[in-house]
Amino acid sequence: MTWVLLTLAGGLGSAARFLVDSAVAKRNRLSLPAGTFAVNATACFLLGLLAGWGLAHPGHAGVNAVLGVGLLGGYSTFSTASVEGARLALARRRLAAVAQPLLMLVACLAAAALGIVLAGR
C-alpha cells in the first residue's frame, strides 16, 4: 500500500511543481530561473517541517516516506536547477552561473533549518 501512496504522492508533487514554476515564471522579471529556485526553497522548508515533526513524533515512518520521498521528492527539482546552471554557463553568463547554485544552496539550507526549528516548537 505504501508504494501506491508513494507513487500517487510523487505525481501530485510533480503537478504542484509545474503549477508553482509556471506561476513564478509568469511574474519573473529576472533573467534567472526563479521558478526552480522557489520550488526548491519551498520543498526544503516543507521537508524541514516534516523532519522536525518526525523527530518530535517518532513511529510514523510511512507518513514521512509518502510525504517526504513521494510528495516532496516529486515536487523538488535539483536536477533541473543543475541543468539551468549549466545553461547559464554555456551562455557565458558566468556570474549568474555561479550565483544561481550558491544562492539556491544557501536559501535551501536556511529554509530547511527554519522548517525544523518551527516544527520543534
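**Exercise 1.** Work out whether G73 is buried, partly exposed or exposed.

*Solution.* Start with the cut-offs: buried means under 20% relative accessible area, exposed means over 50%, and partly exposed is in between (1.4 Å probe, protein chains only). G73 has a relative accessible area of 40%, so G73 is partly exposed.

A quick note on the model: it's predicted, so local features need pLDDT of at least 70 and side-chain atom pairs count only at pLDDT 80 or more, while totals for chains, interfaces and linings use all residues. Residues are numbered from 1 along each chain as its sequence is written, and side-chain values use heavy atoms, with hydrogens and water left out.

**Exercise 2.** Which residues does UniProt list for "binding site", and what does S76 touch?

*Solution.* First, the record: UniProt's unreviewed entry lists G73 and S76; such annotations may be inferred rather than shown by experiment, feature names are shortened, and positions follow the numbering used here. Next, S76 sits in the loop between α3 and α4 (78-90). At 18% relative accessibility, S76 is buried. Finally, skipping residues up to four places away in sequence, S76 touches R17, V39, N40 and A43 (contact means heavy atoms within 4.5 Å).

**Exercise 3.** Find where T36 sits and say whether T36 is buried or exposed.

*Solution.* T36 belongs to helix α2, residues 34-56. Its relative accessibility is 3%, so T36 counts as buried. Beyond neighbours within four places in sequence, T36 has contacts including D21, T77 and M104.

How values were computed: Helix = DSSP H or I, 4+ residues; strand = E, 2+ residues; numbered from the N terminus.
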